[in-house]
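Let's take a walk through this structure together. Have the sequence and the 3D view ready, and follow along one piece at a time.

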Amino acid sequence: MNESNLTTYKKWAPDNAKWAAWVKPVLFAGSPNYSYIELSIPKVSWLFDDFGDTAIIVDLPGKTGVEMGLGLARLGYRPVPLYNGVDGPNRYSMIVDVYDIICALYSGAEELSSLYLRDDAPPAFLLDSNRMNGNVIQGKFDNRWCIFPQDMPSATFLLHNGIKKIIVYTQTKQNDLTHILLRYQEKGIVIFTCDMSGNLKKETISKPSRFKSLFYRFLVISGLKRNAAGGFGSMIPEPSSRGYGVG
């Protein structure tokens, strides 16, 4: 990670911030191949009046998750990027296009660093709802990824730090996130969802397939491509053009 990348990463993961350890460095680690873009930071009006005991999971497509994270930061939340799909050789080669997310992270870094956020500010975890979308095609860069319980704080850690409620702000419910939310629910953390219209709803999380199974992580990862630098992303090889005749 070069100096420019590290400086930007530290704006999202300052040393003294309680939740900095969960910020994924994957999209800050490559060459700074990005453009500054104009961000549309929303005004957040759907939170509880007293949200100090509430964590947010923002599960939105592309850069909209970063924009919502910055909107929450203006209210005192600490946005925590959990993006774990590696940037490909170019945006047209990737199964999951992360270029706009990278642009938003770099473009929003100054806005974030200009805000006063407490070291113990409640977290807003940022996910890309497109993380498992796209067609697997030979010759493409497969950077699909999944969120696992190990990628987020445990229920015990959340409760120890005063987090008793979680709001999932999303358009669609993702199965991988259900494995995490049920663990939180079992420990007494109350789960809410919020749709794009700002409608909050208390949820009861149902048990997903292979919940807490020793094979769940293995089965999911077996369909993804790990990257040597961390995260997920690797080229899908083209079929060999070499032929073999019969002598």
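## Strand 5, tucked inside

Let's start with strand 5, where six of the six residues are buried, so this strand is largely enclosed by the rest of the structure. Keep in mind that what you're looking at is a predicted model.

Which way do the residues of strand 5 point? K165, I167 and Y169 point one way, while I166, V168 and T170 point the other way. Whichever way they point, all of them are buried.

## The neighbours of strand 5

Now look to either partner. Strand 1 and strand 5 pair in the parallel sense, with six bridges between them. To find your place on screen, look for T54, which stands opposite K165 in strand 5.

Strand 6 covers residues 190-194, and strand 5 pairs with it in the parallel sense too, over five bridges. Here K165 turns up again, standing opposite V190 in strand 6.

Time to zoom out. These strands belong to an open sheet of six strands, ordered 2-3-1-5-6-7, and the pairing in it is mixed. Why is one side of strand 2 and of strand 7 left without a neighbour in the sheet? Strand 2 (78-81) and strand 7 (200-203) stand at the edges and have a single partner strand each, so one side of each has no neighbour there. Going from one strand to the next, the twist averages 25°.

Strand 1 (residues 54-60) also pairs with strand 3 (residues 123-128), in the parallel sense and over five bridges. One spot to check is D59, whose bridge partner in strand 3 is L127.

## A helix on the sheet

Next, find helix 2, residues 64-73, which packs on the sheet. Helix 2 touches strand 1, strand 2, strand 3 and strand 5. Its direction makes about 155° with that of strand 1.

Finally, bring up helix 1 (residues 3-12) and helix 3 (residues 99-114). They pack at an angle of about 55°, and their axes are 9 Å apart. That angle makes helix 1 oblique to helix 3. The crossing of helix 1 past helix 3 is left-handed.

Who meets whom? From helix 1 come N5, T8, K11 and W12, and they meet L105, Y106, G108, A109, E110, L112 and S113 in helix 3. Sort the residues of this contact by type and you get five nonpolar, four polar and two charged.

Methods: Residues are numbered from 1 along each chain as its sequence is written. This is a predicted model: local features need pLDDT of at least 70, side-chain atom pairs count only at pLDDT 80 or more; totals for chains, interfaces and linings use all residues. Side-chain values use heavy atoms; hydrogens and water are left out. Two strands pair if DSSP finds at least two bridges between them. Helices (H or I, at least four residues) and strands (E, at least two) are DSSP runs, numbered from the N terminus. Axes are lines fitted to C-alpha atoms, for helices over the stretch in contact, and angles run from 0 to 180 degrees between N-to-C directions. Contact means heavy atoms within 4.5 Å. Angles under 35 degrees count as roughly parallel, over 145 as roughly antiparallel, 65 to 115 as roughly perpendicular and the rest as oblique. A crossing is left-handed if the near helix is turned anticlockwise from the far one by less than a right angle, and right-handed if clockwise. Ala, Val, Leu, Ile, Met, Phe, Trp, Tyr, Cys and Pro count as nonpolar, Asp, Glu, Lys and Arg as charged, and the others, Gly among them, as polar. Buried means under 20% relative accessible area, exposed over 50%, partly exposed in between (1.4 Å probe, protein chains only).
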